[in-house]
Amino acid sequence: MGGQVNERTWRYYASWRLTQQVTEPKGVYFAARETYVTTDRQLVSERFPRSSQYHPDWVLASASGGANALWLTEWLTSELDLRSGMKVLDLGCGRASSSIFLRREFGVQVWATDLWFSAAENIQRVRDAGFEDGVFPLSADARSLPFAPDFFDAIVCVDSICYFGTDDLYLNYLARFVKPGGQVGIAGAGLIREIEGSTPDHLCDWWTHDLWCLHSAAWWRRHWERTGIMDIDVADTMPNGWHVWLDWQRAVAPDNVAEIKALESDRGTCLGYVRLVGHRNGQAKLTDPIVSLPARYTKKPLLRREE
C-alpha cells in the first residue's frame, strides 16, 4: 500500500498464494496447491457471527493477505460507532472484502483504497456483491491520498497499517482526512509485547527483517498518543488471536510451513492480533505536509578565489 516492497514482505502480505480457483458443490478446489477443502462449516466461528454468514468460497477468493479481513473487520468494528450514511476510508483494503462487509453490515459509504490490488478487479467484485452504490474502489498510495481534508467520518485500516503507519510523521498526515472527533481504527497482525534484543529462537525460521514492522497494542498506543493528535479509546490484543491467525493460515495456505510452525511453536507468546481505536483530537493542530519547495536558485561563486 505504501510503495515498493521486497519479495519477502510480499510473501508475508500475500502468503495465502491462491490462484486459479474453481468452485464445486460444497467445496472449493485450489489448482495452485492441489488441495480440496470441504466448505460445509469452513470459516464458521461463534466469535465472528457476522463474518460467518459469508460464503467461504467468496471469502477465500477475496483473500488479499495473511489474515481473514472479515474476522479482523468484525473485531475492529465492535469498538467503532458506525452509522448508516457515514463516509469511511478503508485504507489498504486489498481485494475490498472488508469494504463490502462495512457497507453491508453498517450501511456506510466506503472508499476502498489500495495501491497493490486492482481497482478494476475490486469494482467488479463490488458490483457482483450488489454494493456499487456505496463502495468506491480506487488505487492510491497511502502517502499520497486524493481526498479533501475532513472528508471522512471514520478511517479503518485492516492488516495493512504496519506497512506505512509506523512512520513517526504518518499519523499527522492521515488524521487530516477524518473530521475532528472522527474515528480511526486499525487491526492486524502484531506482537503481544515488543521483542527486545534478538529474534526468539522459535521464530527464526520464519522471521525476516520485514517483520520488524509488527508491533504491540501498547506500542501503537504510545505511537499515536504522544502526538496529541488522537485520543485513544481502545488498545488491546485479541484473546487467543494467535489461534485465529493459525486457523486462517491452515485454511488458505497449508503449504506455508514456516509461518504455521512459528505460530504453533509460539502459542501466543509473541504473535497475535492487535487493535487500536481512537478519535481525532479537534484541538490538535496538524502540520501541513511539505509537497514541494519553490525554486529560488541564485548563482554564487563556487570557490573563494572566484569572488
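Predicted model: local features only at pLDDT ≥ 70, side-chain atom pairs only at ≥ 80, totals over all residues.
Residues are numbered from 1 along each chain as its sequence is written, and side-chain values use heavy atoms, with hydrogens and water left out.

Of the 307 residues, 54% count as buried (under 20% relative accessible area; exposed is over 50% and partly exposed lies in between, with a 1.4 Å probe and protein chains only). The protein has nine helices and ten strands, taken as DSSP runs numbered from the N terminus (H or I with at least four residues for helices, E with at least two for strands). Contacts here are heavy atoms within 4.5 Å; among those between residues at least 6 apart in sequence, 75% join residues at least 24 apart.

Let's start with the sheet. Seven strands form an open sheet with mixed pairing, in the order β6-β5-β4-β7-β8-β10-β9 (strands pair if DSSP finds at least two bridges between them). β6 (135-139) and β9 (230-237) stand at the edges with a single partner strand each, so one side of each has no neighbour in the sheet. On average, neighbouring strands are turned by 15 degrees against each other, direction ignored (axes are lines fitted to C-alpha atoms, for helices over the stretch in contact, and angles run from 0 to 180 degrees between N-to-C directions).

Now step along to β7 (152-158). Seven of its seven residues are buried, so β7 is largely enclosed by the rest of the structure. Three bridges join β7 to β4 in parallel, with leucine 89 partnered by isoleucine 155. β7 also pairs with β8 in the parallel sense, over six bridges, and there valine 158 stands opposite alanine 187. Further along, β9 and β10 (residues 271-280) run antiparallel and are joined by seven bridges; alanine 235 has leucine 276 in β10 as its bridge partner.

What packs on this sheet? Helix α3 (residues 69-77) does, touching β7, β8, β9 and β10, with its direction at about 45 degrees to that of β10. Nine of the nine residues of α3 are buried, so this helix, too, is largely enclosed by the rest of the structure; Trp71 and Trp75 are among them. At the start of α3, a side-chain oxygen of asparagine 68 reaches to within 3.0 Å of the backbone nitrogen of leucine 70. Helix α4 (residues 97-106), in turn, lies across β4 (87-91), β5 (109-114), β6 and β7, running at about 175 degrees to β5.

Leaving aside neighbours within four places in sequence, leucine 145 is in contact with residues including Leu89, Leu91, Tyr170 and Phe177.

Helix α8 also holds histidine 243, which is partly exposed at a relative accessible area of 35%.

How values were computed: Polar contact = N/O pair within 3.5 Å; in protein donor to acceptor, adjacent residues only side chain to side chain.
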